[in-house]
Amino acid sequence: MSVFAVEFKVRDYECDMQGIVNNGVYFNYLEHARHEFLLHKGIDFAELARQKVNLVVVRSELDYKASLTSGDQFVVTVAFEAVSRVRFGFRQQVIRLSDQKVVLEGLIIGTAVNERGRPAIPEAFAAQLAG
């Protein structure tokens, strides 16, 4: 399984009153990394939407292991995982670079829906994800 990674740096405004990254901000980190992963695979999220193929998240499982603070540099990893005929998954981690500490592990389950709102994953899309 190949792992894709995107590097980030925590911005002050992403932290809460405790001085740590707000738990909801991690969803943004994970989503941005997935979009970069799709681009890396040659998949244009916006073009799919124009073709009436909409990628949607149907389940998110996040395990918070440690906290990031302002200025921390970290990577978000993405690894594709086939789940079923109409669902796919992304195993993701957030890893602080200073000590290689895994601060979050997640599994994001998605699908593609067609213009009728029905799950339908185009074969070419599935092949690009797995390749």
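Student: What are Phe8 and Tyr29 in this model, buried or exposed?

Tutor: The model is a predicted one, and in it Phe8 is buried, as is Tyr29; the word is used for a residue under 20% relative accessible area.

Student: Why is the pair of Phe8 and Tyr29 called tilted?

Tutor: The ring centres of Phe8 and Tyr29 lie 5.4 Å apart, with 45° between the planes. A pair needs centres within 6.5 Å, and planes under 30 degrees apart count as stacked and over 60 as edge-to-face, so the angle of 45° leaves this pair in the tilted class.

Student: What parts of the chain does the pair tie together?

Tutor: Phe8 belongs to strand β1 and Tyr29 to helix α1, so the pair ties together parts that are 21 residues apart in sequence.

Student: What makes the pair of Phe4 and Phe37 edge-to-face?

Tutor: Between Phe4 and Phe37 the centres are 5.9 Å apart and the planes make an angle of 65°; since the limit for edge-to-face is over 60 degrees, and that for the centres is within 6.5 Å, the pair meets both conditions. It links distant parts of the chain, with Phe4 in strand β1 and Phe37 in helix α1, 33 residues apart, and both Phe4 and Phe37 are buried. In the structure there are 9 aromatic pairs, and Phe4 and Phe37 belong to one aromatic cluster with Phe80, Phe88 and Phe90.

Student: Why does Glu14 count as buried?

Tutor: The relative accessibility of Glu14 is 5%, and the cut-off is under 20%, so Glu14 counts as buried. Glu14 is in the loop between β1 (4–9) and α1, where, not counting residues up to four places away in sequence, it touches Lys9, Ile20, Val21, Asn22, Val25 and Tyr29.

Student: Which residues lie closest to the centre of the largest pocket, and what classes make up its lining?

Tutor: The largest pocket holds about 170 Å³ of space; of its 13 lining residues, Arg34, Phe45, Leu55, Val57 and Phe90 are the closest to its centre. By class the lining has 9 nonpolar, 2 polar and 2 charged residues. At least two lining residues come from each of α1 (25–40), β2 (54–64), β4 (88–96) and β5 (101–113), and α1 gives the most, with 4 residues.

Conventions:
Residues are numbered from 1 along each chain as its sequence is written. This is a predicted model: local features need pLDDT of at least 70, side-chain atom pairs count only at pLDDT 80 or more; totals for chains, interfaces and linings use all residues. Side-chain values use heavy atoms; hydrogens and water are left out. On a 1 Å grid over the protein atoms alone, a cavity is a set of points where a 1.4 Å probe fits but cannot get out, and a pocket is an open set with protein on both sides within 12 Å along at least five of seven lines; lining residues have an atom within 4 Å of a point. Grid points are joined across faces, edges and corners, and a volume is the space filled by probe spheres set on the points. Ala, Val, Leu, Ile, Met, Phe, Trp, Tyr, Cys and Pro count as nonpolar, Asp, Glu, Lys and Arg as charged, and the others, Gly among them, as polar. Buried means under 20% relative accessible area, exposed over 50%, partly exposed in between (1.4 Å probe, protein chains only). Contact means heavy atoms within 4.5 Å. Rings of Phe, Tyr and Trp (its six-membered ring) pair if their centres lie within 6.5 Å; planes under 30 degrees apart count as stacked, over 60 as edge-to-face and the rest as tilted.
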